Amino acid sequence: MEIDGIISALIIGVVIGILGRLVVPGRQRIGVLWTILVGIVAALIGSALASALGVADTKGVDWVEWLIQIGLAAVGVAALDRAKSGR
């Protein structure tokens, strides 16, 4: 992966993390860095999952891939929030 691919993956991860956090109802007790990390992981896993399903490369915007990534980020944010609140 080249440097421009890494930078774009980080930017997309930030956006995915923020959108995932907005999808989860209520207040989350995790920080911004955790949200970004969850978004990056969700973006990478979501891209792999979309490729496996054959919906990663479509004409125009890849809406299905974005929905998969945002859904994974929302699950990740909710799970991390639940784990942190259990202390």
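Which residues make a nonpolar surface patch of about 810 Å²? The patch is made by I3, I6, I7, L10, I11, V15, I18, L19 and L22. Patch members have over 30% relative accessible area and no salt bridge, with nonpolar side chains joined within 5 Å.

This is a predicted model, in which local features need pLDDT of at least 70 and side-chain atom pairs count only at pLDDT 80 or more. Residues are numbered from 1 along each chain, and side-chain values use heavy atoms.

V15 sits in helix 1, residues 3–23. Helices are DSSP runs (H or I, at least four residues). V15 counts as partly exposed because its relative accessibility is 35%; buried means under 20%, exposed over 50%, and partly exposed in between (1.4 Å probe, protein chains only).

Helix 2 covers residues 32–53. Its 22 residues should span 32 Å at 1.5 Å a residue, so the 31 Å between its end C-alpha atoms agrees. The expected span is 1.5 Å times one less than the number of residues. Buried residues of helix 2 include T35, V38, G39 and I40. G54 follows helix 2, with a positive phi near 80°.

Two nonpolar cores lie inside. Each is a set of buried nonpolar residues joined through side-chain atoms within 4.5 Å.

| Core | Size | Residues |
|---|---|---|
| Largest | 6 residues | V24, I30, V38, A74, V77 and L80 |
| Another | 5 residues | among them I16, A42, A43 and A73 |

V24 touches A74, V77 and A78 (heavy atoms within 4.5 Å), leaving aside residues up to four places away in sequence.

Conventions
Patch = residues over 30% accessible without salt bridge, like charges linked within 9 Å, V, L, I, M, F, W, Y side chains within 5 Å. Areas by Shrake-Rupley, 256 points an atom, 1.4 Å probe, with all protein chains shown as cover. Salt bridge = Lys/Arg side-chain N within 4 Å of Asp/Glu carboxyl O. Helix = DSSP H or I, 4+ residues; strand = E, 2+ residues; numbered from the N terminus.
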